[in-house]
Every structure is written in structure tokens, then in C-alpha cells.
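Morning, everyone. Let me put the model on the screen, and then I'll walk you through it.

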Amino acid sequence: MQLEELREELRSAIPTIPDFPKQGILFYDVTAVMRAPELFHHVTQALASRCSGKEIDAIVGIDARGFIFGAALAYELNKPFVPVRKPGKLPPEVERIYYVLEYGEGELEIRKDAVSPGDKVVVIDDLLATGGTAKGTVELLQRIGAEVLECCFVVELPDLKGRDQLGQVEAFSIIQYEGS
């Protein structure tokens, strides 16, 4: 499936929910993609195509929906999958970071032995908004010595300028919703 055709399918499939999880937030329910096996497959294929030809040591998925897309991509590419979790979900020893997002703040953790120094990784999440979670993940990975090649997202809200938070790390999104 061509990328433009996939974007049209995603636009039709992903509902928007106003005022969730807080007043003033427009939530894009990417879980609709997971309920449509063929569409989920096309998304996985688009991400795999994006990663094709790159020397990648691991795929890193951000808690929670990044796990779903990241694990599918890792399987497709035959690469290890590394979860970045909310606090208290991984056994010691972990590296932790605090971050700010569109509607609050949070913490993320990664096992210190999740990747080796110099490993080249791609970060996957379902949605890029303000970039706080992605930025925190990139910083965690860099702290433990990984090289982040790129961050990939299914959906991006470019008006919230999340890419700006990623510094020199390249970002890719399958679909963008302007004016969100």
C-alpha cells in the first residue's frame, strides 16, 4: 500500500475524542488501528519500510501503545524489542527520567542493560504531540549509551511542535493532523 493511501485509511479509521483525558485536549484514538488487522499490518509495513536498509540493533517502544507498534515492528525486522516503561514496572537496575507532556508530567524508566553502548536504535510510539515523552525516551537511551537513529510515530500533531524537542534526532510520522 502506498503511503498516501495509508494516510487516507488512517484518517477514516482514527476517531477524535474531544476533552479527553482533560478538558481542551483532542484525543486521537489510535487503538482503532489495532482493531483493524489489515490496517495494523499496513502501518507495521510502512514503519518497516521506513527502517529498511538501516543498521538497527533494537526497536524501542514507549509505554504503552508504543509497545504494540514497536513489538510488531521488531518482529517484522527480526530485531530485539526494548520497552521504556512508567515507574515501578521494570526490575532493577533502571535509569529514570522526569518529563513534561501536553497535559501533565510523568516519569519513564529503562533497564540499564536494555541496550549496549553504541547500539543503534529506533524509537516507536503511537503519537507525537508536545514531544515530552519522546524527548525523555531519547535522553534515557543516550544516558545508557545508545545511538537513537530516529523516532517514528503513527500520528503527529505538528502544531504542538513535538519534533522541536528531539534535537538532532530525526522524526517520521505516517500521518499528521494539522490544527490540533
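Helices and strands here are DSSP runs, numbered from the N terminus: helices are H or I with at least four residues, strands are E with at least two. This is a predicted model, where local features need pLDDT of at least 70, side-chain atom pairs count only at pLDDT 80 or more, and totals for chains, interfaces and linings use all residues. Residues are numbered from 1 along each chain as its sequence is written, and side-chain values use heavy atoms, with hydrogens and water left out.

Start with the loop between strand 1 (16–18) and strand 2 (26–28), where Pro21 sits. The peptide bond from Phe20 to Pro21 is cis, with omega near 0°. Asp19 is in that loop too, between strand 1 and strand 2. Its phi is near 60°, a positive value in a residue other than glycine. The cut-offs: buried is under 20%, exposed is over 50%, partly exposed is in between, with a 1.4 Å probe and protein chains only.

Pro92 and Glu93 are joined by a cis peptide bond, omega about 0°. Glu93 lies in the loop between strand 4 (81–84) and strand 5 (94–101). Lys161 has phi near 60°, again positive in a non-glycine residue, and belongs to the loop between strand 8 and strand 9. Why flag these? Most residues other than glycine have a negative phi, and most peptide bonds are trans.

Now the helices. The axes of helix 1 (residues 3–13) and helix 3 (residues 37–51) come within 11 Å and cross at roughly 135°. Axes are lines fitted to C-alpha atoms over the stretch in contact, and angles run from 0 to 180 degrees between N-to-C directions. In helix 1, Leu3, Leu6, Glu9, Leu10 and Ala13 meet Leu39, His42, Val43 and Ala46 of helix 3. Contact means heavy atoms within 4.5 Å.

On to the core. A nonpolar core is a set of buried Ala, Val, Leu, Ile, Met, Phe, Trp, Tyr and Cys residues joined through side-chain atoms within 4.5 Å. The largest has 30 residues, and Leu10, Val33 and Val43 are among those with the most contacts inside it. Which helix gives the most to this core? Helix 3, with seven residues. Val33 touches Leu10, Ile14, Leu39, Phe40, Val43 and Phe69, not counting residues up to four places away in sequence. A second, separate core has 26 residues, including Ile62 and Val169.
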